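I am starting a notebook on this structure. Each entry says what I looked up and what I found.

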Amino acid sequence: ALGLAPKVSGTAGLPLQETTEIDGPRYLTLTFTRPNNLGDVAYHVDAAGDLGVEWPDAALPHGSVDNGDGTSTETYRDTQPIGSAARRFLRLRVELTD
């Protein structure tokens, strides 16, 4: 789903968690690069306060850049600012749509 070579080890190309400031507060973000030509794949970024079974929140889209090489870089941010909860987590969930 990310266009990576399945038999090559390493962290290059995996989703990256960072923080960004938006109008004062800082938010946890998740950035990943995806191929543009995968029409049967849906990408979702979920947010939660713990790593339990339920991930109740959908992260908000924060930016999309067409890289001009057949891929796009997508960034999502948490719905809650850093410090408003004891902890927050983001995850990338990918599913086949066809």
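Arg-26 came up in my opening entry, where I noted a relative accessibility of 38%, so Arg-26 counts as partly exposed. I had the predicted model open for this and for every later entry. Next I looked for a charged partner. The side chain of Arg-26 meets that of Glu-21 in a salt bridge, with N to O at 3.9 Å.

Entry on the salt bridges. I wanted to know how many salt bridges there are. The count comes to six. I looked up Arg-91 and found a salt bridge with Asp-46, where the closest N and O atoms are 3.1 Å apart. This pair links distant parts of the chain: Arg-91 belongs to strand β7 (residues 89–96), Asp-46 to strand β3 (residues 41–48), and 45 residues separate them. Is each partner buried or exposed, or something in between? Arg-91 has a relative accessible area of 30% and is partly exposed. Asp-46, at 6% relative accessibility, counts as buried. I also noted that a network of salt bridges links Asp-46, Arg-91 and Arg-93.

Entry on Asp-78. I found a salt bridge between Asp-78 and Arg-88, with the closest N and O atoms 2.8 Å apart. Both residues are in the loop between β6 (71–77) and β7, 10 residues apart. Asp-78 has 0% relative accessibility and counts as buried. Arg-88 is buried too, with a relative accessible area of 17%; the cut-off for buried is under 20%.

Entry on the nonpolar core. I asked which residues make up the largest nonpolar core. The core has 11 residues, among them Leu-2, Leu-28, Phe-32, Tyr-43, Val-45, Ala-59, Tyr-76 and Leu-90. The elements giving two or more residues to this core are β2 (26–35) and β3. With four residues, β3 gives the most. I then took Val-45 by itself. Leaving out residues up to four places away in sequence, Val-45 touches several others, including Leu-30, Phe-32, Asp-57, Tyr-76, Leu-90 and Arg-91.

Entry on the aromatic rings. I counted two aromatic pairs. Phe-32 and Tyr-43 form a stacked pair, 5.7 Å centre to centre and with 25 degrees between the planes. Phe-32 is in strand β2 and Tyr-43 in strand β3, 11 residues apart. Phe-32 counts as buried at 2% relative accessibility, and Tyr-43 is buried with a relative accessible area of 15%. Why is the pair of Phe-32 and Tyr-76 stacked? The ring centres of Phe-32 and Tyr-76 are 6.2 Å apart and the planes are at 10 degrees, so this pair is stacked. Phe-32 lies in strand β2 and Tyr-76 in strand β6, so the pair ties together parts 44 residues apart in sequence. Tyr-76 counts as buried at 16% relative accessibility. Ring pairs link Phe-32, Tyr-43 and Tyr-76 into a cluster.

Entry on a charge over a ring. I found the charged end of Arg-77 over the ring of Tyr-27, 4.3 Å from the ring centre.

Last entry, on Thr-20. I placed Thr-20 in strand β1 (residues 16–21). Setting aside neighbours within four places in sequence, Thr-20 is in contact with Pro-25, Arg-26, Tyr-27, Thr-29 and His-62. I also checked Pro-81, which is 61 residues from Thr-20 along the chain. The C-alpha atoms of Thr-20 and Pro-81 are separated by 9.8 Å.

Technical notes:
Residues numbered from 1 in each chain as written. Predicted model: local features only at pLDDT ≥ 70, side-chain atom pairs only at ≥ 80, totals over all residues. Heavy atoms only, no water. Contact = heavy atoms within 4.5 Å. Salt bridge = Lys/Arg side-chain N within 4 Å of Asp/Glu carboxyl O. Buried < 20%, exposed > 50% of the residue type's maximum accessible area, 1.4 Å probe, protein only. Core = buried A, V, L, I, M, F, W, Y, C linked by side-chain atoms within 4.5 Å. Phe/Tyr/Trp six-rings, centres within 6.5 Å; stacked < 30°, edge-to-face > 60°. Lys NZ or Arg CZ within 6 Å of the ring centre and 35° of its normal.
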